[in-house]
Amino acid sequence: MIDSGATAFVLICTAMVMLMTPAVGLFYGGLVRRKNFISMIALAFIAFALVSIQWVVCGYSLAFGTDICGLIGGLDHIFLQGVGMEGDGIPDLLFMVFQMVFAGLALAIVTSGVAERIKISSFIVFGLLWTTLVYDPLAHWAWGGGWATQLGAIDFAGGTVVHISSGFSALALALIIGRRLGFGGHGMEPNNIPMVLLGGALLWFGWFGFNAGSALAADGLAVNAFVATNIAAATGALAWFALAWVRGRPGSVGIISGAIAGLVAITPAAGFVAPIAAIPIGACAGIVCYAALVFRIRRGLDESLDAWAIHGMGGMFGALATGIFAVAAIGGVNGLLYGNPGLLLIQAVDVTIAVGYSFGMTCLIAKVIDAVMGLRVTEEEEYVGLDIAQHGESARV
Amino acid sequence: MKMVTAIIRPEMFNAVRTALEGEGIYGMTVSEVMGRGAQKGIALQFRGKAVPVDLIPKLKIEMVVRDADVERIIRIVRAHARTGRPGDGRIFVLPIERICRVRTDEEDPPES
């Protein structure tokens, strides 16, 4: 039975989440040097286009096909076989495309780890392998009836599937591809902070579709997720802002980074916790991610645009926080604070395996591609910038 | 007085500025410029074909200084803007004819 309200709502949410992928491109593009501005935005569009096709060919089936041993979906839905206009509440086709925009976004987030130095052809191969071998299994585990679902792990809108996977994969990729030329010595200030803020604004907006839409219905749960999402974004922004202020002048990039940290952390929790729990979740996420960023810089790791610090660590914290703050009145499961410490344990197991799997598998994929075709552009191309070297275009005015 | 114009790699600017400040040289005008030198830009390989990148971003520093400081500045810029590869830049030294302050009607003597 198709519910027209739910269908209309999820259609709109799908379009909102789609906008988040180029928004990540704008966010990243503003953070890099001007010679790589176009490259970062282009990578986001490429990620989205690639995953769109991979998803309808086999990705959706691998994630949501008939479960095989709790590990992966079967091939029963390849080329959208059996995915039609009928469905439970919303058409299966709509559920498919709603899930597709998440997969596209995840790959765009990963580009943080290779910013300003990835060879475009290698990124295309990497992207296809990554979304097939990392994203699709994780989506199956959490949402497609895999072992994490069977274990009772909860992930409302993709804290583990989207954010832990992309964040830790970005870290793995950054370690394999190596630091940017001149990292640590040369100035690498953001070239266009207003563009970072515009990207951040679109992300905040799109996140309402991301989290509220994950209720898959236009109901009270969607509203709960919507409100919790905004509260977490706000407290995350304020917490980061305050920390940055204590240590110096509070930058605008810090405010928007804090908001994204809060949004990431509330993602797994939005439909399982009371809206007011988003205050501690968002605030702690701002602090955790800020600390992760400081740690990353101190260690001299060139995970260039902090997908690991914000999405990886924020997603990790959010998944654990879900195990703490979940309450049965909202999502049907109680967490640690409501007398069920078992959930926190399950969440911890889920997080550990997701972190290990995404990091390890990405390392493997990156190593193989590096050996076969080389991940990185030449030194001269990197010096001139990827806009000219890879695309033959320039953002210079 | 002399005008010292240094055209350097943009990413070396912070090191050069810090070193100049360390030697008490503060006054400068800085602009982002595009240019090419003797090697006519950089030739990138794209699908086996050479693709020339003609104009490359550089940073131009202009300083009006006493004659006695010129050698010191050249030494500092060379020490901190050099990578050893083509494209490190140039330093030009020009004579100054007149120095007129805008705030007052004063003219600073251009000699020494």
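How many bridges join strand β2 (residues 29-35) of chain B to β5(B)? In this predicted model, the two strands run antiparallel and are joined by 7 bridges. Strands are taken as DSSP runs (E, at least two residues), as are helices (H or I, at least four), with numbering from the N terminus; strands pair if DSSP finds at least two bridges between them. Within this pairing, V30(B) has I61(B) of β5(B) as its bridge partner. Strand β5 (residues 56-65) of chain B also runs antiparallel to β1(B), again with 7 bridges, and here I7(B) stands opposite K60(B).

Turning to confidence, pLDDT is the predictor's per-residue score, from 0 to 100. Chain B has a mean pLDDT of 88, with 95% of its residues at 70 or more. Within chain B, strand β1 (residues 2-8) is where confidence is highest, at a mean of 96, whereas strand β3 (residues 42-46) has the lowest, at 70. For the complex, the predictor gives an ipTM of 0.73 and a pTM of 0.91.

At the interface, 8 residues of chain A are in contact with 6 residues of chain B, contact being defined by C-beta atoms, placed from the backbone, within 7 Å. On the side of chain A that touches chain B, α14 (379-384) and α15 (386-391) each supply at least two residues, and α14(A) gives the largest share, 3 residues.

Residues are numbered from 1 along each chain as its sequence is written, with chains lettered from A and ligands numbered from 1 in the order written. Local features need pLDDT of at least 70 and side-chain atom pairs count only at pLDDT 80 or more, while totals for chains, interfaces and linings use all residues.

Note on methods: Two residues are in contact if their C-beta atoms, placed from the backbone, lie within 7 Å.
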